[in-house]
Structure formats: C-alpha cells, structure tokens
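Please look at the sequence and the 3D structure below, and then follow the report that describes how the parts are arranged.

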Amino acid sequence: MNANQSSMLILQETCIDASGALVVYAPVDIPAMNVVMNGGDSSYVALLPSGFAVLPDGGSGDVEQRPVGGGSLLTVAFQILVNNLPTAKLTVESVETVNNLISCTVQKIRDALQCES
C-alpha cells in the first residue's frame, strides 16, 4: 500500500423490507482482517459498528388521513473510540466532533432520501 491508500475496509449489512430499512457498517483494519482470513484469532479485531434505521412513522392510523408519501423516523447510532484510556474524560472538541458527525450524517441521509427540511 502507498501513502494515499487507506488501511481500512468498511463491512456493511443492509436490510430493506416493508417494515423499513436498516444499514449497519463498521470500519475494519485490513491487516487485522487478513490475519483472521488466514485462520487467526478474530477476538483481536476491533469492531465498532454504527448504522441507521429508517422506519415509517405509522401516520394517524387512518390511511385516508395520512399525507401523500407519509413520513419516516430516522434513528442513527455510532460507536466511536474517542480515547482508549479508561480514565480519559471527554473534551469539548471531541463532543463537537461527534455532534458534527451526527449532524452531517443525518443531513446526508435526508439528502439521499430527498427529504424536505
């Protein structure tokens, strides 16, 4: 690998049906995955899955009164290793970074689904 290439892969699982959509993904270190694929111990591979679910909001219960296209509920979840020291405290910068990540992710999902603001 050269300096311009990432040493990470993204594992992703997606499920879409009438009840909604679910996307779960996790960055995985390529060298660690190579060890596992060659029979090594998988317990040493760090997995911090994140993801989101888009579900119908259920409307008013009366199909006739629901707006055209209906609405959706979006749930976003992240697992992020901010600091690997057990005694570490959150910093303002790390909270701002996570807040920005969540905001940008939600906006990108909304854009992809062509949602109105």
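Four strands make up an open sheet in the order β1-β2-β3-β4, with antiparallel pairing; strands are DSSP runs of E with at least two residues, numbered from the N terminus, and two of them pair if DSSP finds at least two bridges between them. The edge strands, β1 (8–17) and β4 (72–77), each pair on one side only. From one strand to the next the twist averages 10°, where angles run from 0 to 180 degrees between N-to-C directions and axes are lines fitted to C-alpha atoms, for helices over the stretch in contact.

This is a predicted model, in which local features need pLDDT of at least 70 and side-chain atom pairs count only at pLDDT 80 or more, while totals for chains, interfaces and linings use all residues. Residues are numbered from 1 along each chain as its sequence is written, and side-chain values use heavy atoms, with hydrogens and water left out.

Strand β3 (residues 50–56) is joined to β4 by six antiparallel bridges, and alanine 53 stands opposite threonine 75 in β4.

Two helices (DSSP runs of H or I with at least four residues) accompany the sheet, and contact here means heavy atoms within 4.5 Å.

| Helix | Residues | Strands | Angle |
|---|---|---|---|
| α1 | 30–37 | touches β1 and β2 (20–29) | about 90° with β2 |
| α2 | 92–112 | lies across β3 and β4 | about 145° to β4 |

A search of the whole structure finds zero disulfides, a disulfide being a pair of cysteine sulfur atoms within 2.5 Å. Cysteine 15 is partly exposed, with a relative accessible area of 42%, and cysteine 104 is also partly exposed, at 36%; buried means under 20%, exposed over 50%, and partly exposed in between, for a 1.4 Å probe and protein chains only.
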